[in-house]
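Morning, everyone. I have one model to show you today. Here it is.

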Amino acid sequence: MSWYNFEELKKLIRKDNSVLVVWDVQEALVNSIFNREEFLQKLSELISAARKYNVPIVYTKITPYPDRFQNPAFRRSFNPGDIVKEVYPQPGDVVLNKNTPSIFVGTNFELMLRNVGITTIVFTGIATDIGVETSARHAQALGFLPVIAKEAVSSSDKSAHERSLQNLQRLMLVLDNKDIIERWSS
């Protein structure tokens with residue numbers, strides 16, 4: 001059972017009210033996912049469409065707290081590396097350094113969107129079951145229309161990725177690239 005008319009929600013996706021979020025597509029994460037080549041191809045396709053239709057692109061990067069401010073219980077020596085070269089940001093794209101699994105905590109992302117009237121956030125990236133899902137749920141709670149680009153999200157844990165998509169489909173739009181690009185082009 002869904003609480004929304006998803007066909008009506010799809011009509012709210014437009015190139016002039018959307019942003020494309022490329023969540024943590026960094027070297028170590030991309031190298032750990034179960035569908036690397038397919039993921040990068042589908043992500044590249046969506047990024048190209050966003051550029052074609054002048055949809056702004058915001059990349060996120062995992063950024064640890066300074067050592068002195070890192071909670072010792074959560075300290076880790078993980079280095080995610082840089083954004084992968086296959087989808088590297090171009091001039092005009094925004095790169096947000098963030099410390100949490102929500103794009104809204106500790107960043108100016110919400111203010112940026114509200115400044116220019118963006119209401120639809122198309123989420124791509126890694127990991128579906130962690131930061132993508134957390135940020136999409138947070139976006140919805142703040143009154144934005146979150147859209148999950150199901151071909152352009154992934155995880156190192158395939159079953160967690162699939163469960164996350166199933167859960168999100170009950171709450172928000174989870175669409176193929178074709179559907180998203182079709183909305184941007186109309």
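Start with the pocket: α4 gives the most to the lining of the second largest pocket, three residues. Helices here are DSSP runs of H or I, at least four residues, and strands are runs of E, at least two, numbered from the N terminus. A pocket is an open set of points on a 1 Å grid over the protein atoms alone, where a 1.4 Å probe fits, with protein on both sides within 12 Å along at least five of seven lines; lining residues have an atom within 4 Å of a point.

Two quick notes. This is a predicted model: local features need pLDDT of at least 70, side-chain atom pairs count only at pLDDT 80 or more, and totals for chains, interfaces and linings use all residues. Residues are numbered from 1 along each chain as its sequence is written, and side-chain values use heavy atoms, with hydrogens and water left out.

Back to the pocket. Its lining has 16 residues, and Val55, Pro56, Ile57, Gly92 and Val94 lie nearest the centre. α3 (36-52), β2 (57-62) and α4 (109-116) each supply at least two lining residues.

Now the sheet. Six strands form an open sheet, β3-β2-β1-β4-β5-β6, with parallel pairing. Pairing needs at least two DSSP bridges between two strands. The edge strands, β3 (94-98) and β6 (173-175), each pair on one side only.

Look at the β4 (120-126) and β5 (145-154) pair: six bridges, parallel. Thr120 stands opposite Leu145 in β5.

What does helix α7 (177-185) touch on the sheet? β1, β4, β5 and β6. Contact means heavy atoms within 4.5 Å.

Technical notes: Axes are lines fitted to C-alpha atoms, for helices over the stretch in contact, and angles run from 0 to 180 degrees between N-to-C directions.
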